[in-house]
Amino acid sequence: VQLKACRTAAHTSMEEVCAAASFIYILINNHLNKPHMKQFLYHHNLKAYEAVKAHYEKGHRKACIVHATGTGKSYIIAALAADYKRVLVVAPNDYVLAQVQKNVGEEAEYVTYAKLMFEARYGQIETNQYDLIVLDEYHRAGAELWSEGVKAIIAANPDALLFGTTATDIRYLDGQRNMSEELFDGHVVSN
């Protein structure tokens, strides 16, 4: 109905309206998962992205955000990942990695916390590979065995920036451990 009203008001043909709609669709798809990703962030996510970038610009190496489930944390990851060349995204399982990869694209490397643990145990973690290490659902990184891999990848990449996302940073069933404090020295830049 709105297209018809728009077509009538502007005295354009339906073909012109369809061509314009197709052009807009192509523009949006071509810019998703690209360096322009931040242009498509919701206001609250753009504020979080800008807070993380400002935190890094002040010389801090670690930053994390605590946002509710479903608020678009993976879009913030995508916007940040577009700013760096060598990015590693770590998440608790393949499902979560696939969700993040939809937004980030092929520019990053992806690994689960479990696989990272095995790589650490078998000496397969190389040094200075990454500019940005992302710990998605970082409250999971506090698990006794998984934390081995997280510690190893951070130690092997001392110059990499560390970014984390979670909906809850407290491990309630694990002694009330605050993973924002443990992994990010309390640098929660958005919640």
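1. Cys64 sits in strand 1. Strands here are DSSP runs of E with at least two residues, helices are runs of H or I with at least four, and both are numbered from the N terminus. This is a predicted model, where local features need pLDDT of at least 70, side-chain atom pairs count only at pLDDT 80 or more, and totals for chains, interfaces and linings use all residues. Residues are numbered from 1 along each chain as its sequence is written, and side-chain values use heavy atoms, without hydrogens and water.

2. Is Cys64 buried or exposed? Cys64 counts as buried because its relative accessibility is 0%. Buried means under 20% relative accessible area, exposed over 50%, and partly exposed in between, with a 1.4 Å probe and protein chains only.

3. Look at what touches Cys64. Leaving aside neighbours within four places in sequence, its contacts include Tyr138, Phe163, Phe184 and His187. Contact means heavy atoms within 4.5 Å. Val52 lies 12 residues from Cys64 along the chain, and their C-alpha atoms are 7.6 Å apart.

4. Now take helix 3, residues 43-57. Its 15 residues should span 21 Å at 1.5 Å a residue, and its end C-alpha atoms are 21 Å apart, so the two agree. The expected span is 1.5 Å times one less than the number of residues.

5. Which residues of helix 3 are buried? They are Asn45, Ala48, Tyr49, Val52, Lys53, His55 and Tyr56. They cover an arc of only 160° around the axis, which means they lie on the same side of helix 3. The arc is taken from the directions from the helix axis to the C-beta atoms. An α-helix has 3.6 residues a turn, so residues three or four places apart point the same way.

6. His43, Lys47 and Glu57 are exposed on the other side of helix 3. The cover over its buried residues includes strand 1 (62-66), helix 4 (73-81) and strand 4 (132-136). Strand 5 (161-166) and strand 8 (188-190) are also part of that cover. After helix 3 comes Gly59, with a positive phi near 100°.

7. Step back to the whole chain. The protein chain has 8 helices and 8 strands. Of its 191 residues, 40% count as buried. Among contacts between residues at least 6 apart in sequence, 70% join residues at least 24 apart.
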